[in-house]
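Open the model in your viewer and follow the stops below in order. Each stop gives a selection and what is found there.

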Amino acid sequence: MSVNNARDPQIYVDADACPVKDETERVAQRHRLKIFMVSDGGVRPSQNPLIEIVIVTQGADAADNWIAEHIQKADICVTNDIPLAGRCLERDAFALRPNGQAFTHDSIGTALAQRQILQNLRDTGEITGGPRAFNKADRSQFLNHLETTVQAAKRKINSAEERTG
């Protein structure tokens, strides 16, 4: 099996505690796209030649920094990390939450503000619980949105090539 060519989008997974690694692999396999599973450890090795496991040094933002430094235009990042999603959008890449919700240029500012408000409420003890549990509907929604995002990424790359070629 040959790996993707240089013009195909690549998928970067913020792999620590990511619940949709298998789903990402299924979609990437169908499109023959390279996946980078980025983590500070604990990700199981894969025999799939499309998957590259990237182990970064431990640290609060080490995986995020690696992804932000390597992601390129029209690549896709799978993350719950809002600041990382913002950094990916700045590089003209796509960013998806594991529940399928897309981060966009229009929504990232609001998401960052909400994150700060919730952090302040947690710091003061007003909120003690976490997010709702990840469920089957989230997984299904992610699969659908990743598929449409891969198609959009391919169109974006092809459009850029047509303008320059």
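**Stop 1: cysteines**

A search of the whole structure finds zero disulfides (a disulfide being a pair of cysteine sulfur atoms within 2.5 Å). This is a predicted model, in which local features need pLDDT of at least 70 and side-chain atom pairs count only at pLDDT 80 or more, while totals for chains, interfaces and linings use all residues. Residues are numbered from 1 along each chain as its sequence is written, and side-chain values use heavy atoms, with hydrogens and water left out.

Select C18: its sulfur lies 9.4 Å from the closest cysteine sulfur, in C77, too far for a bond. Next select C77, which is in no disulfide either; the nearest cysteine sulfur, that of C88, is 3.9 Å away. C18 counts as buried at 9% relative accessibility, and C77 is buried at 0% (buried is under 20% relative accessible area, exposed over 50%, partly exposed in between; 1.4 Å probe, protein chains only).

**Stop 2: the sheet**

Select the six strands, which form an open, mixed sheet in the order β3-β2-β1-β4-β5-β6. Strands (E, at least two residues) and helices (H or I, at least four) are DSSP runs, numbered from the N terminus; two strands pair if DSSP finds at least two bridges between them. β3 (51-55) and β6 (102-103) stand at the edges, each with a single partner strand, so one side of each has no neighbour in the sheet. Now select β2 (residues 35-39), which runs parallel to β3 and is joined to it by five bridges. Within this pairing, V38 has V54 of β3 as its bridge partner.
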